[in-house]
Amino acid sequence: MRYIIIGAGAIGATIGGRLAESGREVVLVARGAHAEALRSDGLRLTTVSGERVHRLPVVTAPAELGELRPDDVLLLAVKTQDAIAALDAWGDAEVAGGGTAAQRLPVLCAQNGVESERLALRRFARVYGVCVWLPSTFLEPGVVSAPCAPLTGILHLGRAAGGSDATARRIAADLEGAGFEAPVVEDVMRWKYAKLLGNLGNAIQATTGPEPDPAKGTLLLRAVREAKAAFDAAGIGYVSEAEAAAARDGKVEQPAGVRGGSSWQSLRRGTGSIEADYLNGEIALLGRLHGVATPVNDTLRHAANIFAREGLPPGAMSVTDLTALADEAAARAQPAP
């Protein structure tokens with residue numbers, strides 16, 4: 001199989017680089033200065049084994065590859081706000097022997113949130129979810145760091161609509177040969193909904209900074225409580241905290257030091273967009289559909305989007321100010337006496 005990594009950022013480049021190290025064929029898909037750096041200087045990937053430079057094929061669009069191969073696997077690792085454009089571009093690509101990628105090839109959604117699987121299922125016949133536990137950093141073109149040990153990451157995967165198959169097992173075997181644990185599960189979206197709970201704090205990191213603070217923990221706990229209430233109202237199952245912790249225990253240890261998450265990194269790189277609509281915004285959507293108030297998540301989504309649109313530096317807001325905004329929203333959400 002050849003792996004086409006659509007979105008060679010922190011997650012995509014780490015998976016692609018590690019697969020290449022293990023002897024798998026990999027193509028990286030990137031844009032702008034990042035694509036230029038990957039082409040000219042290679043991918044500089046740091047793992048627990050140190051830095052290694054990977055000189056891999058790099059493209060910006062399907063046309064640069066020509067016809068796709070029947071054994072290609074598309075791994076989607078762009079942020080969810082960029083997923084539709086990527087799915088449309090690659091789904092229409094022709095595959096040798098007839099048909100399009102959307103008709104014939106598997107696409108793996110290795111992203112935060114739960115929306116990309118739904119977007120992909122509208123377009124692709126073979127969609128797989130991937131629950132990504134892979135702390136990594138991408139702040140400058142061509143350079144990615146994923147220094148966890150003893151494993152680089154844990155990637156639960158399965159069919160997005162439920163179940164597993166031989167394709168998932170073959171991909172999992174390749175990933176496990178590349179330094180990941182890759183459990184094939186029948187209920188991958190339960191894992192992704194559980195991961196979403198932790199990602200609700202991405203907006204807090206982006207706006208107030210990644211440094212630990214009890215007040216940030218309190219605000220995240222409020223956001224998580226809203227999310228669990230929305231999940232329960234919608235009848236959505238998710239893996240328990242105990243099960244998730246047991247799955248990670250001792251397998252992906254981060255070196256000491258403060259590390260900003262994916263939304264904080266987006267602001268640092270000045271991308272102009274952020275994934276809050278598909279993290280905190282997912283909870284707001286469920287709340288509105290099922291009659292659950294979600295003022296904290298509404299506030300976090302709105303604040304993160306302002307930072308992205310206006311180009312504000314990450315961490316420019318105090319947690320006191322952000323909490324005050326959430327308190328005001330919560331007060332407005334209270335029913336009139």
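This is a predicted model: local features need pLDDT of at least 70, side-chain atom pairs count only at pLDDT 80 or more; totals for chains, interfaces and linings use all residues.
Local features need pLDDT of at least 70, and side-chain atom pairs count only at pLDDT 80 or more, while totals for chains, interfaces and linings use all residues. Residues are numbered from 1 along each chain as its sequence is written, and side-chain values use heavy atoms, with hydrogens and water left out.

**Exercise 1.** Classify the pair formed by the rings of Y193 and F231.

Solution. Rings of Phe, Tyr and Trp (its six-membered ring) pair if their centres lie within 6.5 Å; planes under 30 degrees apart are stacked, over 60 edge-to-face, and the rest tilted. A search of the whole structure gives 2 aromatic pairs. For Y193 and F231 the centres are 5.3 Å apart and the planes stand at 85 degrees, so this pair is edge-to-face. Y193 belongs to helix α7 and F231 to helix α9 (residues 214-234), so the pair ties together parts 38 residues apart in sequence. Helices here are DSSP runs of H or I with at least four residues.

**Exercise 2.** Classify the pair of F231 and Y238, and state the accessibility of each residue.

Solution. The ring centres of F231 and Y238 lie 5.3 Å apart with planes at 55 degrees, so the pair is tilted. F231, at 0% relative accessibility, is buried (under 20% relative accessible area; exposed is over 50%, partly exposed in between; 1.4 Å probe, protein chains only). Y238 has 22% and is partly exposed. Y193, F231 and Y238 form one aromatic cluster.

**Exercise 3.** Locate N199 and list its contacts.

Solution. N199 is in helix α7 (residues 188-199). With 7% relative accessibility, N199 is buried. Leaving aside residues up to four places away in sequence, N199 touches N112 and L279 (heavy atoms within 4.5 Å).

**Exercise 4.** Which ring does the charged end of R248 sit over?

Solution. The charged end of R248 sits over the ring of W133, 4.1 Å from its centre. The criterion is NZ of Lys or CZ of Arg within 6 Å of the ring centre and within 35 degrees of the ring normal.

Definitions and conventions
Helices (H or I, at least four residues) and strands (E, at least two) are DSSP runs, numbered from the N terminus.
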